[in-house]
Amino acid sequence: MSAAALALEEPHVLVGPYEPLAPAASPAASEAMTAADVPQVIELLRAAPQAAYCEWEDEGLLSGHLAHSSDLCRVIRTPAGRVVAALLAGSFGVRGSISHAVVDPGHRRLGLARVMAVDTLAAFRRRGVNRIFLAVLDGNEAATALWTGVGFRPALGERTFECDL
């Protein structure tokens, strides 16, 4: 299952060396994801077991997705251009979905996922999307805190089903 997810309280291997994002007085900013970002995004997803990444979500699939959803898919880069946080989302009609949110372990607890979430929600609003779905893996308290903090609530009385084709 694809799951919007963030840090679990487990050690994970850094995808790259720690790089400061910006001067302390400058808040991090998210940007629209580009096809050039996709290999680094996949690397982040593969390194984060809580992201529930599926290998069929390859470079071709994700790059193609950006053709109609680049405003919804966000990244945060270091000044040197390395992607340290990514959020993948899409919409169909008035419903949207967030499939993944991931932050490099060395850059967690800086509010990066929240920045991307707020920017993605604003993009959904501009599209006229009225409801957004996401899944969080059981036990991922950091993701639960993020998503409830930006307005999501558990869908009572619903179950999520999936089918890989």
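Which residue forms a salt bridge with aspartate 37? The partner is arginine 77, and the closest N and O atoms of the two are 2.6 Å apart. A salt bridge here is a side-chain nitrogen of Lys or Arg within 4 Å of a carboxyl oxygen of Asp or Glu.

Before going on, a word about the model. It is a predicted one, in which local features need pLDDT of at least 70 and side-chain atom pairs count only at pLDDT 80 or more, while totals for chains, interfaces and linings use all residues. Residues are numbered from 1 along each chain as its sequence is written, and side-chain values use heavy atoms, with hydrogens and water left out.

**The fold**

Let's walk along the protein chain. It has four helices and five strands, arranged from the N terminus on as β-α-α-β-β-β-α-β-α. These elements are DSSP runs, numbered from the N terminus: helices are H or I with at least four residues, strands are E with at least two.

The five strands form an open sheet in the order 1-2-3-4-5, with mixed pairing. Two strands pair if DSSP finds at least two bridges between them. At the edges sit strand 1 (31-32) and strand 5 (131-134), each pairing on one side only. Strand 5 runs parallel to strand 4 (residues 95-103), and four bridges connect the two. Within this pair, isoleucine 98 stands opposite leucine 134 of strand 5.

Helix 3 (residues 112-127) packs on the sheet, where it touches strand 2, strand 3, strand 4 and strand 5, and its direction makes about 25° with that of strand 3. Helix 1 (residues 38-46) lies across strand 2 (74-77), strand 3 (83-92) and strand 4, at about 100° to strand 3. For these angles, axes are lines fitted to C-alpha atoms, for helices over the stretch in contact, and the angles run from 0 to 180 degrees between N-to-C directions.

A contact means heavy atoms within 4.5 Å. Among contacts between residues at least 6 apart in sequence, 76% join residues at least 24 apart.

**Salt bridges**

The structure holds four salt bridges, including these:

| Pair | N to O distance |
|---|---|
| Glutamate 31 and arginine 77 | 2.5 Å |
| Aspartate 37 and arginine 77 | 2.6 Å |
| Aspartate 71 and arginine 127 | 2.7 Å |

Glutamate 31 lies in strand 1 and arginine 77 in strand 2, so their bridge ties together parts 46 residues apart in sequence. Aspartate 37 belongs to the loop between strand 1 and helix 1, so its link to arginine 77 in strand 2 spans 40 residues. Through shared partners, Glu31, Asp37 and Arg77 join into one network. Aspartate 37 is buried at 4% relative accessible area, whereas glutamate 31 is partly exposed at 40%. Buried means under 20% relative accessible area, exposed over 50%, and partly exposed in between (1.4 Å probe, protein chains only).

The arginine 127 and aspartate 71 pair joins helix 3 to the loop between helix 2 (59-69) and strand 2, 56 residues apart. Both are partly exposed, arginine 127 at 32% and aspartate 71 at 27%.

**Cysteines and surface**

The count of disulfides, taken as pairs of cysteine sulfur atoms within 2.5 Å, comes to zero. Cysteine 73 is buried at 0% relative accessible area, while cysteine 163 is exposed at 60%.

Overall, buried residues make up 41% of the 165 residues. The chain exposes about 8,900 Å², of which carbon and sulfur atoms supply 57%; accessible areas come from the Shrake-Rupley method with a 1.4 Å probe, and for residues only the protein chains shown count as cover.
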